[in-house]
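Visitor: I would like a close look at the aromatic rings in this structure. Could you take me through them and show me the chain they sit in?

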Amino acid sequence: MQQLLDDAYSAWEDAYVPMAHEDWLAFMTGDASFDPTCWWLAEADGELAGGCLTWREGWVKDLATTQAWRGRGLGKALLLYALAEHRVRGNKNLFHVGRLD
């Protein structure tokens, strides 16, 4: 997932600097709102195609797809799935700040 996010952020922002894996892992999993059951991933042919990573309160931390899956509706499907899952969990809101392209 880190490589997918690094690729996506690098494509969106020229100034993006990837973190070392250990730092990224600590950043992503060390937050009090981290819940691994709030990370939804999509695979195609055994390869990671996209992911929607949220905090337990419903904040969308990251939403990205591989280049091959951009513009094909996978990001939207992941976001809608996350919204539905958070509603089942009692969260009535899903929040995202950032680009959706």
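Guide: Happy to. A word on terms before we start: helices, of at least four residues, and strands, of at least two, are DSSP runs numbered from the N terminus. Please keep in mind that this is a predicted model. Read from the N terminus, the elements of the chain follow the order α-α-β-β-β-α, which comes to 3 helices and 3 strands. The radius of gyration is 13 Å, close to the 13 Å that the globule rule gives for 101 residues, so the chain is as compact as a globular protein of that length. Along the principal axes, the C-alpha atoms fill a box of roughly 35 × 30 × 25 Å.

Now to the rings. A pair of aromatic rings is described by the distance of the centres and the angle of the planes. The structure holds 5 aromatic pairs. One of them joins tyrosine 9 and tryptophan 12: the ring centres are 5.6 Å apart and the planes stand at 80 degrees, over the 60 that edge-to-face requires, so this pair is edge-to-face. Both residues belong to helix 1 (residues 2-12), where they are 3 residues apart, about one turn of the helix. Tyrosine 9 is partly exposed, at a relative accessible area of 26%, and tryptophan 12 also counts as partly exposed, at 22%; the cut-off for buried is under 20%.

Another pair is made by phenylalanine 34 and tryptophan 39. Here the ring centres lie 5.4 Å apart with the planes at 80 degrees, so this pair is edge-to-face too. Phenylalanine 34 and tryptophan 39 are both buried, whereas tyrosine 9 is partly exposed.

Buried residues make up 34% of the 101 residues, and phenylalanine 34 and tryptophan 39 are among them. Of the contacts with a separation of 6 or more, 50% are between residues 24 or more positions apart. The accessible surface comes to about 6300 Å², with 55% of this area belonging to carbon and sulfur atoms. As for charges, the chain has 9 positive and 15 negative ones, and their mean positions are 11 Å apart.

Technical notes
Residues are numbered from 1 along each chain as its sequence is written. This is a predicted model: local features need pLDDT of at least 70, side-chain atom pairs count only at pLDDT 80 or more; totals for chains, interfaces and linings use all residues. Side-chain values use heavy atoms; hydrogens and water are left out. The radius of gyration is taken over C-alpha atoms; the globule rule is 2.2 Å times the number of residues to the power 0.38. Buried means under 20% relative accessible area, exposed over 50%, partly exposed in between (1.4 Å probe, protein chains only). Contact means heavy atoms within 4.5 Å. Accessible areas come from the Shrake-Rupley method with a 1.4 Å probe; for residues, only the protein chains shown count as cover. Lys and Arg count as positive and Asp and Glu as negative; His and the chain ends are not counted. The place of a charge is taken as NZ of Lys, CZ of Arg, CG of Asp or CD of Glu. Rings of Phe, Tyr and Trp (its six-membered ring) pair if their centres lie within 6.5 Å; planes under 30 degrees apart count as stacked, over 60 as edge-to-face and the rest as tilted.
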